[in-house]
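Subject: Structure for your review

Dear colleague,

Please find below the structure that I am handing over to you. I would be grateful if you could read the notes that follow with the structure open beside them.

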Amino acid sequence: MHFFLSEEQLAFQETARIFAQKEMAPYAQKWDEECIFPVETLRKAANLGFGGLYVRPELGGCGLGRLEAS
């Protein structure tokens, strides 16, 4: 199976990668060890458009498909 991501999909992927490296990876082990649910970090992710991925835009979501969400 061969497929190519659109420019928009590539931009979304890059934003997710940068966010995860900066805001999540450095703290993930501590969060796991101390059973921390990082609410503020998840709010930051939501502000970037990573909340409500499958929800239609007219309802306040992103309206993404499975490929973009993964």
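This is a predicted model: local features need pLDDT of at least 70, side-chain atom pairs count only at pLDDT 80 or more; totals for chains, interfaces and linings use all residues.

Leu-42 belongs to helix α3, which covers residues 39-50. With a relative accessibility of 34%, Leu-42 is classed as partly exposed, because that class lies between the limits of 20% for buried and 50% for exposed.

The loop between α2 (28-33) and α3 contains Cys-35. Most residues other than glycine have a negative phi. Cys-35, which is not a glycine, has a positive phi of about 55 degrees. Its relative accessible area is 73%, so Cys-35 is exposed.

Turning to the aromatic rings, the whole structure holds two aromatic pairs. In the pair of Phe-12 and Phe-50, the ring centres are 4.7 Å apart and the planes lie at 50 degrees, so this pair is tilted. The pair connects distant parts of the chain, since Phe-12 lies in helix α1 (residues 7-24) and Phe-50 in helix α3, 38 residues apart. Phe-12 has a relative accessibility of 21% and therefore counts as partly exposed; the limit for buried is under 20%.

A further contact involves a charge and a ring. The charged end of Arg-66 is placed over the ring of Tyr-54, at 4.1 Å from the ring's centre.

Yours sincerely,
A colleague

How values were computed: Residues are numbered from 1 along each chain as its sequence is written. Side-chain values use heavy atoms; hydrogens and water are left out. Helices (H or I, at least four residues) and strands (E, at least two) are DSSP runs, numbered from the N terminus. Buried means under 20% relative accessible area, exposed over 50%, partly exposed in between (1.4 Å probe, protein chains only). Rings of Phe, Tyr and Trp (its six-membered ring) pair if their centres lie within 6.5 Å; planes under 30 degrees apart count as stacked, over 60 as edge-to-face and the rest as tilted. A charge sits over a ring if NZ of Lys or CZ of Arg is within 6 Å of the ring centre and within 35 degrees of the ring normal.
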